[in-house]
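Dear colleague,

My notes on it follow directly after.

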Amino acid sequence: MIRRAGVLSLAIAVGAALLPVLLPHPFALTITTQAAIWALLAASWDLLSGYTGQISFGHAGFFALGAYAAAAATKHADVSPWLGLLVGAAIAAAVGLLTGFPALRLRGHYLALVTLGLAEIIRLVAQNWLALTGGPFGIHDFRSFPGLPAAALAHRQATYLVIVAIVAASIAVMYFLCERTDAGRAFRAIREDEVLAQTLGIDTTRYKLLAFAVSSGFAGLAGGLYAYYVQLVSPSVASAATTSLVIGMAVFGGLGTLWGPALGALLLYGLYEGLRFVGVVYNLVAVGLVIMVFVIYVPRGLAGFRRSA
Amino acid sequence: MLESLLEFLIQGVVLGGLYALFAVGLSLIFGVLDVINVAHGEFFAIGGYLAFTAVVLLHLPGAMGIVGAAVGTFLLGLCVYPLLIAPLKRRLGGRPQGPLYLVLTLGLSTFLQSSLLAIAGGDYLRVPPQVSGVLDLGVTAVSSQRLLVLGVAALLLAALFVFLRFHPEGLAVRAVSQNPDAAQAMGINLPRVFALTLALGVALAGVGGALMAPLFNVYPAVGFPLTIKAFAITILGGMGNPAGALVASFVISIAESLSVMVMPSQWQNLIAFAVMIVMLLLRPRGLLGRAVSR
């Protein structure tokens with residue numbers, strides 16, 4: 001079993017590494033690179049909401065924080081993009097940790113609404129703090145990852161590899177945390193029954209805060225990758241539509257598995273972009289339908305098909 | 001100073017009428033179904049589009065736009081419980097719902113909003129006001145359209161509270177909101193009450209959309225920011241407490257319009273969320289909330 005999973009992940013890794021050579025088309029590379037960024041965001045949401053059961057409706061906010069922090073650091077202070085990624089992730093993790101404290105007292109609906117409100121506050125600040133965020137036009141004209149080849153196609157191929165490697169490593173870290181450590185068991189215990197987890201001697205406060213910090217930190221890292229890749233950060237990244245898309249991806253892939261939401265993100269983003277050829281407006285209609293149908297009829301998402309097979 | 005205070009106060013009260021129409025329905029639905037309707041704002045948008053269809057495309061009088069919006073969103077709302085909520089409820093059985101209804105209505109919101117975009121396009125559509133003219137109050141002038149919003153809101157909400165207090169169906173709604181199991185044991189048809197409550201709640205938003213269409217213009221995403229703000233209002237008023245939502249609507253709207261006197265107006269949308277977060281930390285049950293934990 002473990003060997004089969006090992007072979008499978010090796011095959012995926014080799015396939016992903018060869019993709020820019022096999023499919024050297026700018027459009028394909030753009031879509032796959034962005035899909036990878038979404039996969040990281042969806043997996044980070046799943047760590048907090050799927051594994052630990054703390055529903056965040058504000059992941060667009062953490063994503064935007066990472067994106068804005070990275071872009072602003074590079075634009076205003078000429079911070080190296082490599083360092084900028086860490087800055088974005090650290091700031092998002094810090095805000096996530098701060099959100100975790102009130103979250104200790106809130107459950108279910110209330111937590112979802114507080115995080116939604118937080119994302120909305122971040123969006124409003126992004127839109128109105130002109131000096132730092134550029135207001136409605138956002139931040140643009142900042143440099144991207146240094147040291148990559150200059151030729152257009154080679155640059156895209158190299159950027160793809162860098163981003164996919166960072167995403168894969170991040171998801172692996174989260175997977176290790178959730179599946180191979182005490183923290184992962186504590187996360188699941190909190191999700192299943194928080195009171196019971198407490199009586200079993202699990203320090204639920206500590207693990208909830210940990211889940212908040214790790215999840216929002218990786219969401220911020222995804223935001224930083226997005227900023228350096230797309231080269232434009234505007235307030236709309238913090239909008240509830242972003243969160244909605246991420247939750248749709250996670251539900252599609254299967255909550256509480258990490259790889260499910262990541263896979264769901266890759267496929268749903270592919271569907272979303274693929275439907276552009278049919279008509280730009282139909283892609284979100286499809287996303288809405290996928291969310292509703294999967295929540296009602298396919299509760300374990302794509303991941304459930306593997307388990308039952 | 002005093003004059004501008006009065007002016008902002010009046011504008012706040014008018015805005016409060018809209019918030020109340022929106023938030024009372026949301027709160028009613030939560031109280032009865034235990035479902036937070038993330039798609040509430042889309043029914044507001046649909047109300048606006050129905051008013052546009054009636055008045056601009058079919059050349060009907062403005063009042064027909066309001067009636068059309070009410071009836072249309074009510075009928076659409078009737079479908080939501082049997083088609084979406086009930087199947088999920090059946091699958092869950094007695095297990096905890098977690099965030100699933102939130103995610104479900106989030107999906108509905110995305111679906112409706114993008115369907116509107118597919119059908120009507122993303123343009124800002126103008127709807128002529130149902131009433132024209134301005135009322136001069138001395139310190140400030142208020143357009144008749146805004147007064148109409150306030151008047152209709154007051155009328156509908158009064159009717160709703162009378163319905164809930166005296167009409168047998170309204171009593172059934174309140175009984176279910178207090179104790180669904182006991183209500184069912186007394187012979188109340190739960191699915192019927194759930195479907196009716198949802199339809200009533202979203203129809204209030206639909207009427208709001210028709211009334212605000214001349215002031216806001218109509219576009220697919222017009223309702224979503226209101227949904228988010230209405231969450232803040234319902235939390236302030238106490239979740240599932242329509243009377244609390246009514247009071248909280250005016251508290252927030254007046255605070256927002258008075259805030260313009262002390263800070264730049266683009267920040268006024270922050271107030272509702274700041275109030276929501278402070279309220280959840282200090283008094284999660286809301287202004288008028290009962291001390292129960294769900």
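A:Ala169 belongs to helix H7 of chain A, where helices (H or I, at least four residues) and strands (E, at least two) are DSSP runs numbered from the N terminus. With 11 other C-beta atoms within 10 Å, A:Ala169 is exposed. The burial terms rest on C-beta atoms placed from the backbone: a residue is buried if 20 or more others lie within 10 Å of its own, exposed if 12 or fewer, and partly exposed in between. A:Ala169 and A:Leu40 are separated by 129 residues in sequence, yet their C-alpha atoms are 9.8 Å apart in space.

Please note that this is a predicted model, in which local features need pLDDT of at least 70 and side-chain atom pairs count only at pLDDT 80 or more, while totals for chains, interfaces and linings use all residues. Residues are numbered from 1 along each chain as its sequence is written, and chains are lettered from A and ligands numbered from 1 in the order in which they are written.

Further pairs in chain A

A:Gly53 sits in the loop between helix H2 (26–51) and H3 of chain A. A:Gly53 is buried, having 25 other C-beta atoms within 10 Å. Between A:Gly53 and A:Ala211 there are 158 residues of sequence separation and 10.0 Å in space, C-alpha to C-alpha.

A:Leu132 is found in helix H6 (residues 130–133) of chain A and counts as partly exposed, with 14 C-beta neighbours inside 10 Å. The C-alpha atoms of A:Leu132 and A:Ala73 are 9.8 Å apart, and the two residues are 59 apart in sequence.

Helix packing

In chain A, helix H3 (residues 59–77) packs against helix H11 (residues 240–253) at an angle of about 110°, with axes 7 Å apart. Axes here are lines fitted to C-alpha atoms, for helices over the stretch in contact, and angles run from 0 to 180 degrees between N-to-C directions. H3(A) and H11(A) are therefore roughly perpendicular; angles under 35 degrees count as roughly parallel, over 145 as roughly antiparallel, 65 to 115 as roughly perpendicular and the rest as oblique. From H3(A), A:His59, A:Ala60 and A:Phe63 meet A:Ala240, A:Thr242, A:Thr243 and A:Val246 of H11(A), contact being C-beta atoms, placed from the backbone, within 7 Å. This contact of H3(A) with H11(A) comprises 4 nonpolar, 3 polar and no charged residues. In this scheme Ala, Val, Leu, Ile, Met, Phe, Trp, Tyr, Cys and Pro count as nonpolar, Asp, Glu, Lys and Arg as charged, and the others, Gly among them, as polar.

In chain B, H2(B) and H4(B) pack at about 25°, with their axes 9 Å apart, which makes H2(B) roughly parallel to H4(B). Their crossing is left-handed. B:Glu42, B:Ala45 and B:Tyr49 in H2(B) meet B:Ser109, B:Leu112, B:Gln113, B:Leu116 and B:Ala120 in H4(B). The classes in this contact of H2(B) with H4(B) are 5 nonpolar, 2 polar and 1 charged.

The contact of the two chains

Chain B contributes 35 residues to the contact and chain A contributes 33 residues. On the side of chain B that touches chain A, helix H3 (62–92), helix H4 (100–120), helix H9 (224–237) and helix H11 (269–282) of chain B each give two or more residues. H4(B) gives the most, with 13 residues. That side of chain B divides into 27 nonpolar, 7 polar and 1 charged residues.

Helix H10 of chain B

Helix H10 (residues 242–259) of chain B has 18 residues and reaches 25 Å from its first C-alpha to its last, close to the 26 Å expected at 1.5 Å a residue (1.5 Å times one less than the number of residues). Its buried residues include B:Pro242, B:Leu246, B:Ile252 and B:Glu256. The cover over the buried residues of H10(B) includes helix H1 (2–33), helix H5 (144–166), H9 and H11 of chain B.

Positive phi

Most residues other than glycine have a negative phi. A:Asp141 has a positive phi of about 55° although it is not a glycine, and B:Asp34 likewise has a positive phi, of about 60°.

With kind regards

Technical notes:
Contact = placed C-beta atoms within 7 Å. Left-handed = near helix turned anticlockwise from the far one by under 90°.
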